[in-house]
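Hi,

Here is the structure I promised to pass on.

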Amino acid sequence: MKHAKDSPGDHLPNHITRILDNPSSDPTPHQLAHLRAARQRAMQQYDMRAAEPVSLHERLALWAQRHLVMLRRGGAAIGFAAIAAAGLMLAEGLLAEAESVDATVLSQDLPLNSLLEPHFSRGLHE
């Protein structure tokens, strides 16, 4: 139920807070006794379960979880290395292109006007 003080988008959290803050919503002594008993049973089950040896299924699940984390990290490292290698190959290709242009320019006697054209190296590679 929407209250007049609620804003349009967040009426549920305010409604829940209003219900829980209402003194009439406090648990009865009978409900408190049931909650305490349930907590005691849960703690006893936890203590019994903690005293049992770890099963093979749990060991395998923990092993798989640890190794999957390592695989994810390894995959991320390999991905980073591949990207870095591609960047280095690209940079190396650009350097090789510049060196080949320099070698072509030095091996030929080109007029100065051809060197001043914006894309003079395009003709050197053909």
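**Salt bridges, surface and overall layout**

The count of salt bridges comes to 2. Keep in mind that this is a predicted model.

Arg49 takes part in both of the pairings I can list for you. With Glu52, the side chains meet in a salt bridge at 3.2 Å, N to O. With Glu58, the closest N and O atoms of the salt bridge are 2.2 Å apart. Put together, Arg49, Glu52 and Glu58 form a linked salt-bridge network.

How covered are these residues? Arg49 has a relative accessible area of 39%, so it counts as partly exposed. Glu52 is partly exposed too, because its relative accessibility is 43%, and Glu58 falls in the partly exposed class at 27%.

There is also something to look at on the nonpolar side. Leu12, Ile16 and Leu20 make a nonpolar surface patch of about 310 Å². Leu20 sits in helix α1, which covers residues 11-21. Is Leu20 buried or exposed? Its relative accessibility is 61%, and the cut-off for exposed is over 50%, so Leu20 counts as exposed.

As for the chain as a whole, it has 5 helices and 0 strands, giving the pattern α-α-α-α-α along the sequence. Of its 126 residues, 3% count as buried. The chain exposes about 11,300 Å², with carbon and sulfur atoms supplying 65% of that area.

Cheers

Key. Residues are numbered from 1 along each chain as its sequence is written. This is a predicted model: local features need pLDDT of at least 70, side-chain atom pairs count only at pLDDT 80 or more; totals for chains, interfaces and linings use all residues. Side-chain values use heavy atoms; hydrogens and water are left out. Patches are made of residues with over 30% relative accessible area and no salt bridge: like charges are joined within 9 Å, nonpolar side chains (Val, Leu, Ile, Met, Phe, Trp, Tyr) within 5 Å. Accessible areas come from the Shrake-Rupley method with a 1.4 Å probe; for residues, only the protein chains shown count as cover. A salt bridge is a side-chain nitrogen of Lys or Arg within 4 Å of a carboxyl oxygen of Asp or Glu. Helices (H or I, at least four residues) and strands (E, at least two) are DSSP runs, numbered from the N terminus. Buried means under 20% relative accessible area, exposed over 50%, partly exposed in between (1.4 Å probe, protein chains only).
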